[in-house]
Amino acid sequence: MKTWRSRGVYAGILILVAAGLMLLSLSGFLRPAQGLALRPIEAAQGWLSSRYLAIHDSLSSPRDVATLRQQNSDLQSQVATLQREIISLREKAAQADILGALLNYARTQPENRYLATNVVGRDVSPFLRSIWIAGGSDDKVERGMPVVTESGLVGRVSEVYATMSRVQVITDPQAAVNIRLQNSRADGVTAAQPNGELRVEQINQAADVVTDELVLTSGLGGGYPPDIIVGQVLSVRRRDYELFQQAVIRPAVDFQNLEIVLVITSFHALPVAPSGS
Amino acid sequence: MAYLIGLPLLLLLAIVQSAVLSHLLLLDGRPDLVLLAVVAWALTGRWREAMGWGLAGGLMLDLLSGAPFGASSIALVLVAFLVSLTEGRFWEAHLLMPLGAMLVATAAFYAISIAALFLTGQLPDLLASLTRVVLPGLFLNLLLAIPAAQLAQALCSALFPPEVRI
């Protein structure tokens, strides 16, 4: 009985230490120490991640098709670039119909600046969907900066340390992106489900949403720049007695195979509330 | 000695969990390597070190997570304490003991993790978390529980050989 009591006391002391650290962390006092501790971890994490991906690649594809894969990758990249140009042109034409030529003419979009960075890990908590990238405040990465690939939107930077940052991806249940459906011009907000499904909610009942329609960021709210591809409509749920209709979309980005992402460093998001609030 | 080996091991396990195991998902579940290590070490009877491992391992996990810093430590220390209570029972040496301990440990670990996320407003759906994360994670942890316990026992015997009076 005495031993059990001493165990309980010992466990209680350690739990109190952990709780104290939690309070300090929530107050922000531990951020410098966490950044310092993450420096060596980032290097090890990046090394291990790249080795794992190299082994995975070599096991999953024969060596004699390496050249073809490279060519295929180049062509896919070109196709993605052309698709992006087509989408951009279509989007501008649709905007012109709505807003008028004059307004569209006056509209200027600054050239984006990008920081390419490796994905070095994923959130160890199975309840959160985020990735760790190898760029931090040393590289001028700031909280709220959008993160994309050539396929579309990945998410945005939610925590920044000196050499690493955490990116909350759009399939995280806490993430919400203001979007616009390309053809029907309806606005909505993404709401990720815990099973990984990505829905668009708050779509106007009058909008004629169809499957395969592209979903783009709307830029509303200042959280993301406009016209980044988010995904494609898979199905639509419309009930007469509901205020809004819903759409299930397929994200444009394959989140399981992210290796390199681009941080849009020229975009500064409007102040966002802390995660979870 | 247990801390000299344990701390680098826990750091390595946390990094492997973030960099490698995140690619190997069963639904959304994955084995919790640090939890396995803490439970396995607690089963060797070295409860004081197991609780220390729990505190340190939890901090390492929380460094690589968006979860509240310290939450995993609280969960793992509590898990080590619960597992240490099996010491001295008549079924302590049973072959399936690691499975029972891992079942309780995983349930406690996830319950505290979910509660911490819930308190900070980061978890919207408990049912989906249970079916898509907790149950697959529990299955994988149970699968690895016996090998982990045997490895820990072998390591413990190598580091701390029993004294023999001649």
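The report below covers a barrel, a chain contact and a helix pair.

This is a predicted model, in which local features need pLDDT of at least 70 and side-chain atom pairs count only at pLDDT 80 or more, while totals for chains, interfaces and linings use all residues. Residues are numbered from 1 along each chain as its sequence is written, and chains are lettered from A and ligands numbered from 1 in the order in which they are written.

In chain A, six strands close into an antiparallel barrel in the order β1-β2-β5-β4-β3-β12, where strands are DSSP runs of E with at least two residues and helices runs of H or I with at least four, numbered from the N terminus, and two strands pair if DSSP finds at least two bridges between them. Strands β3(A) and β12(A) run antiparallel and are joined by two bridges, and A:V147 has A:V263 as its bridge partner in β12(A).

Chain A also meets chain B, with 41 residues of chain A in contact with 48 residues of chain B (contact means C-beta atoms, placed from the backbone, within 7 Å). On the side of chain A that touches chain B, α1(A) gives the largest share, 13 residues.

| Item | Value |
|---|---|
| Angle of α4(B) and α5(B) | about 155° |
| Distance between axes of α4(B) and α5(B) | 9 Å |

The two helices α4(B) and α5(B) are therefore roughly antiparallel, a term that counts for angles over 145 degrees.

How values were computed:
Two residues are in contact if their C-beta atoms, placed from the backbone, lie within 7 Å. Axes are lines fitted to C-alpha atoms, for helices over the stretch in contact, and angles run from 0 to 180 degrees between N-to-C directions. Angles under 35 degrees count as roughly parallel, over 145 as roughly antiparallel, 65 to 115 as roughly perpendicular and the rest as oblique.
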